Amino acid sequence: MFSLVLCSAILSQYGHLAWSDEFVGNSLDLTKWTPQYGDGSQYGIPGWGNNEWQSYTDNPSNLFVQDGRLHIVAQKQGNQYTSARIRTLGKGEFTYGRMEASIKVPAPGAGLWPAFWMLSESIYSLGWPSSGEIDIMEYVSNDPNKIHSSIHCDEYNWTNETNSVSNTNSVSLN
């Protein structure tokens, strides 16, 4: 009985939907999102810190809103790969609450790694991984039947080969 009361108390305090975007209209709501462009070099992290090959663009074929859905589309254009990258830094910080999303991942393809993740607003003062990171959903295309979720911090991260606290769930993508 005590655990049920405790769980109810925690959910009532922290279980509220902390932030949302229903993608109403036909463009990205720039009061909630900031696009990032290029290859990360202008932010001092070429390849976005992950040796990413694509360049993020403002091309409407890479990012668009339609029928209440945000579409982020990776494309091969000549010898280059393009996609879109958006963040909420400065527009959607919160300490407690629930995050939820409905995400359709692409069919398996070499190099695809769509993700829904959160960084602390202290990323610039503490750096990664000290600031922490929560990977809510990562779909790694070379492991096509799993969705990964992880927590990265000083103790658990790929830079010191401890990897992260991770949960992988087998899913059917059909």
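From the N terminus on, the elements of this protein follow the order α-β-β-β-β-β-β-β-β-α-β-β-β, which amounts to 2 helices and 11 strands. The model is a predicted one, and every value below was computed from it. Of the 174 residues in the protein, 25% are buried. When contacts between residues at least 6 apart in sequence are considered, 45% of them join residues at least 24 apart.

**Nonpolar cores**

- The largest nonpolar core is made up of 8 residues, namely W19, F23, L28, W33, L63, V65, A84 and I86.
- V65, a member of the largest core, is in contact with F23, G25, N26, S27, L28 and L70 once its neighbours within four places in sequence are left aside.

- Sorted by class, the lining of the second largest pocket consists of 9 nonpolar, 4 polar and 2 charged residues.
- Strand β3, which covers residues 63-66, gives the largest share of this lining, with 3 residues.

- Most residues other than glycine have a negative phi, and most peptide bonds are trans.
- F23 has a positive phi, near 55°, although this residue is not glycine; its place is in the loop between α1 (2-14) and β1 (34-36).
- F23 counts as buried because its relative accessibility is 16%, which is under the 20% limit for that class.
- D67 likewise has a positive phi near 55° without being glycine, and D67 is found in the loop between β3 and β4 (69-72).
- D67 counts as exposed because its relative accessibility is 68%, a value over the 50% limit for that class.
- The peptide bond that joins W128 and P129 is cis, with an omega of about 10°, and P129 is placed in the loop between α2 (123-126) and β9 (133-138).

**H152 and W128**

- H152 is part of strand β10, which spans residues 146-152, and with a relative accessibility of 8% this residue counts as buried.
- H152 and W128 are 24 residues apart along the chain, and their C-alpha atoms are separated by 8.7 Å.
- W128 is also one of the two residues joined by the cis peptide bond described above.

**The salt bridge**

- Side chains of opposite charge can pair when their charged atoms come close.
- The count for this model comes to 1 salt bridge, and E100 forms a salt bridge with R98, with the closest N and O atoms 3.1 Å apart.
- That pair qualifies because the distance of 3.1 Å falls within the 4 Å cut-off for a salt bridge.
- E100 counts as exposed because its relative accessibility is 52%, whereas R98, with a relative accessible area of 34%, is partly exposed.

Methods: Residues numbered from 1 in each chain as written. Predicted model: local features only at pLDDT ≥ 70, side-chain atom pairs only at ≥ 80, totals over all residues. Heavy atoms only, no water. Salt bridge = Lys/Arg side-chain N within 4 Å of Asp/Glu carboxyl O. Buried < 20%, exposed > 50% of the residue type's maximum accessible area, 1.4 Å probe, protein only. Helix = DSSP H or I, 4+ residues; strand = E, 2+ residues; numbered from the N terminus. Nonpolar A, V, L, I, M, F, W, Y, C, P; charged D, E, K, R; others polar. Core = buried A, V, L, I, M, F, W, Y, C linked by side-chain atoms within 4.5 Å. Contact = heavy atoms within 4.5 Å.
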